Amino acid sequence: MNVNLTGHHVEITDALESAVNSALDKVLRHYPDIVSARVILTVEKHEQIAEAVVHFLGQDIAAKGTSEDLYHSINDMRSKLETLLQRRKSTIKSHSHEKPSPEETD
């Protein structure tokens, strides 16, 4: 999986990078079909935001976590991402019915 990690008003430290990689590894264990992920960490005045966009089964899925602590934001983003991925996976599985074969006419 290709991971692109960027920071907006924050320097990406080794600890932040390992926290993001750990969160994405947990998601990747359940959803191995993820092709790529873009993660943006943003620090603003009174909130810290973690946003992720992943490409899964032909669609981009975005999740955003907001908190006063960046690590809580990362965990919130991970849990929202897992929920959205499960919804996408169940949608794909429910539409994968086989077409009935036409009966042969004699």
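Student: What should I know before we start?

Tutor: This is a predicted model, so local features need pLDDT of at least 70 and side-chain atom pairs count only at pLDDT 80 or more, while totals for chains, interfaces and linings use all residues. Residues are numbered from 1 along each chain as its sequence is written, and side-chain values use heavy atoms, with hydrogens and water left out.

Student: How far apart should the end C-alpha atoms of helix H1 be?

Tutor: Helices are DSSP runs of H or I with at least four residues, strands are runs of E with at least two, and both are numbered from the N terminus. The expected span of a helix is 1.5 Å times one less than its number of residues. H1 has 17 residues (14-30), so it should span 24 Å; its end C-alpha atoms are 25 Å apart, which agrees.

Student: Which residues of H1 are buried?

Tutor: Buried means under 20% relative accessible area, exposed means over 50%, and partly exposed is in between (1.4 Å probe, protein chains only). In H1 the buried ones are Leu 16, Ala 19, Val 20, Ala 23, Leu 24 and Val 27. They sit on the same side of H1, because they cover an arc of only 120° around the axis, taking directions from the helix axis to the C-beta atoms. On the face turned away from that buried side, you'll find the exposed residues Asp 14 and Arg 29.

Student: How many salt bridges are there?

Tutor: Side chains of opposite charge can pair when their charged atoms come close. The rule asks for a side-chain nitrogen of Lys or Arg within 4 Å of a carboxyl oxygen of Asp or Glu, and the count comes to two. Lys 80 meets Asp 76 at 3.6 Å, N to O, and Arg 78 meets Glu 82 at 3.3 Å. Lys 80 and Asp 76 are four residues apart in helix H2 (residues 70-94), so about one helical turn separates them. Lys 80 is partly exposed at 38%, whereas Arg 78 is buried at 19%.

Student: What about the largest nonpolar core?

Tutor: A nonpolar core is a set of buried Ala, Val, Leu, Ile, Met, Phe, Trp, Tyr and Cys residues joined through side-chain atoms within 4.5 Å. The largest one has 22 residues, and Leu 81 is among those with the most contacts inside it. H1 gives the most to this core, with six residues. Leaving aside neighbours within four places in sequence, Leu 81 is in contact (heavy atoms within 4.5 Å) with residues including Leu 24, Val 27 and Val 54.
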